[in-house]
Amino acid sequence: MHAWLEQYLRFLDVERRYSRHTVIAYQTDLEQFFDFLTKHLEQPSTDRLNLRNVDALTIRLWLGELLAQKMQARTIARKLAAVKSFFKYCVDAKYLLASPAALVKTPKTEKRLPAFLTPEQMRQLLDDEFAQLDPDSFETRRDRAILELLYGSGLRLSELIALNIEDIDMENGFLKVLGKGRKHRIVPFGNLAKAALKKYFEVRENLLNVFVEARHTPAVFLTAKAERIYPMLVQRLVKKHLGRVTEMKQKSPHVLRHTFATHLLNNGADLRSVSEMLGHSSLATTEIYTHITFERLKEVYQQSHPKA
């Protein structure tokens with residue numbers, strides 16, 4: 001691996017405190033770029049590359065190669081963002097005088113509005129759907145609590161999985177969440193989530209009476225074997241339950257996060273507060289949910305106004 005690439009990835013991990021998943025994604029995109037440079041600059045290996053020989057035209061040629069591979073514009077934009085970030089790091093570290101990627105334009109991508117559920121669908125999901133299940137089973141109570149928190153607090157999947165007992169303030173209705181960049185934030189949860197958590201904690205206690213070796217586990221949500229839940233398990237249970245109330249293609253935990261933000265804004269919450277609860281570093285990231293709100297307003301207008 002090229003020395004500067006190795007330093008950059010260490011910077012993302014140690015200084016920027018990016019998640020392991022994010023660092024690996026950057027590494028994959030940048031290694032693909034370095035492989036292209038090796039061939040284009042006719043070098044025997046990536047560690048022999050002189051980055052001062054890379055210019056904007058070289059980067060555009062790489063983008064052209066990605067387009068020839070019929071890669072989607074969104075994917076190309078992500079890869080270019082990794083390259084731009086890398087060269088900015090090299091400039092900040094005084095290795096390069098200027099970034100060759102600075103003048104390379106990012107491909108235009110179609111803005112896709114996040115999928116979300118309607119209030120009626122959420123009622124069906126959390127009331128009607130669970131009314132048909134065994135109310136006392138471990139899985140039923142756990143799944144209900146998970147769905148209530150994903151929707152009631154707008155958690156990311158990774159944030160839900162990382163929750164520990166000490167992170168929950170049941171009395172005041174707050175969660176201490178470890179978000180992106182390993183930054184902590186405090187988010188509220190409502191009475192329905194609190195009730196679901198209380199019922200889940202009862203069966204969690206029963207489970208730990210069976211698996212005594214896991215008695216002191218800090219994890220909030222457990223598998224049936226008293227181990228911390230994992231991403232695939234949550235994705236499966238969310239897909240299963242959402243599949244019973246909606247036919248939308250996307251049925252992931254993130255849909256409930258989108259639903260959380262959309263319902264708050266539709267009911268008068270201000271953008272900054274929603275942004276803070278979501279853990280967004282910029283208001284611009286949250287603004288996409290205002291587009292959902294406007295689309296809904298247009299839909300209501302078209303259906304209701306006699307002159308529409």
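This report describes a sheet, a helix, several salt bridges and a group of aromatic rings in one predicted model.

The model is predicted, so local features need pLDDT of at least 70 and side-chain atom pairs count only at pLDDT 80 or more, whereas totals for chains, interfaces and linings use all residues. Residues are numbered from 1 along each chain as its sequence is written, and side-chain values use heavy atoms, with hydrogens and water left out.

**The sheet**

Helices (H or I, at least four residues) and strands (E, at least two) are DSSP runs, numbered from the N terminus. Two strands pair if DSSP finds at least two bridges between them. Strands of a sheet pair through backbone hydrogen bonds, either parallel or antiparallel.

The open sheet here has 3 strands in the order β1-β2-β3, and the pairing is antiparallel. Its edge strands, β1 (168-169) and β3 (184-188), each pair on one side only. Strand β2 (residues 174-178) is joined to β1 by 2 bridges. Within that pairing, I168 stands opposite L175, and D169 has F174 as its bridge partner. The two strands form a hairpin with 4 residues between them, and G173 in the turn has a positive phi of about 75°.

On the β3 side, β2 pairs in the antiparallel sense over 5 bridges. Here the bridge partner of K176 is I186. This hairpin has 5 residues between its strands, and G181 in the turn has a positive phi of about 70°.

Burial is stated as relative accessible area: buried means under 20%, exposed over 50%, and partly exposed in between (1.4 Å probe, protein chains only).

**Helix α2**

The expected span of a helix is 1.5 Å times one less than its number of residues. Helix α2 (residues 20-40) has 21 residues and should therefore span 30 Å, which agrees with the 30 Å between its end C-alpha atoms. Its buried residues are V23, D29, L30, F33, F34, F36, L37 and T38. These residues pack against α1, α3 (56-68) and α4, where contact means heavy atoms within 4.5 Å. After α2 comes E42, whose phi is positive, near 55°.

**Salt bridges**

A salt bridge is a side-chain nitrogen of Lys or Arg within 4 Å of a carboxyl oxygen of Asp or Glu. The whole structure contains 15 salt bridges, and the table gives some of them.

| Pair | N to O distance |
|---|---|
| R123 and E120 | 2.8 Å |
| R144 and D127 | 3.7 Å |
| R244 and E129 | 2.6 Å |

R123 and E120 both lie in helix α5 (residues 119-131), 3 residues apart, about one turn of the helix. An α-helix has 3.6 residues a turn, so residues three or four places apart point the same way. R123 is partly exposed at 35% relative accessibility, and E120 is partly exposed at 39%.

The salt bridge of R144 and D127 has N and O 3.7 Å apart. Because R144 lies in helix α6 (residues 138-153) and D127 in helix α5, this pair ties together parts that are 17 residues apart in sequence. R144 is partly exposed, with a relative accessible area of 23%, and D127 is also partly exposed, at 39%.

In the salt bridge of R244 and E129, the closest N and O atoms are 2.6 Å apart. R244 lies in the loop between α9 (231-242) and α10 (253-266) and E129 in helix α5, so the pair ties together parts that are 115 residues apart in sequence. R244 is partly exposed at 47% relative accessibility, whereas E129 is buried at 7%.

**Aromatic rings**

Rings of Phe, Tyr and Trp (its six-membered ring) pair if their centres lie within 6.5 Å; planes under 30 degrees apart count as stacked, over 60 as edge-to-face and the rest as tilted. The structure holds 16 aromatic pairs. The rings of W4 and Y95 are stacked, because their centres are 4.5 Å apart and their planes lie at 25°. W4 belongs to helix α1 (residues 3-15) and Y95 to the loop between α4 (73-92) and α5, so the pair ties together parts that are 91 residues apart in sequence. W4 is buried at 16% relative accessibility, and Y95 is buried at 15%. Ring pairs link W4 and Y95 into a cluster whose members also include Y8, F11, Y18, Y26, F33, F34, W62, F86, F87 and Y89.
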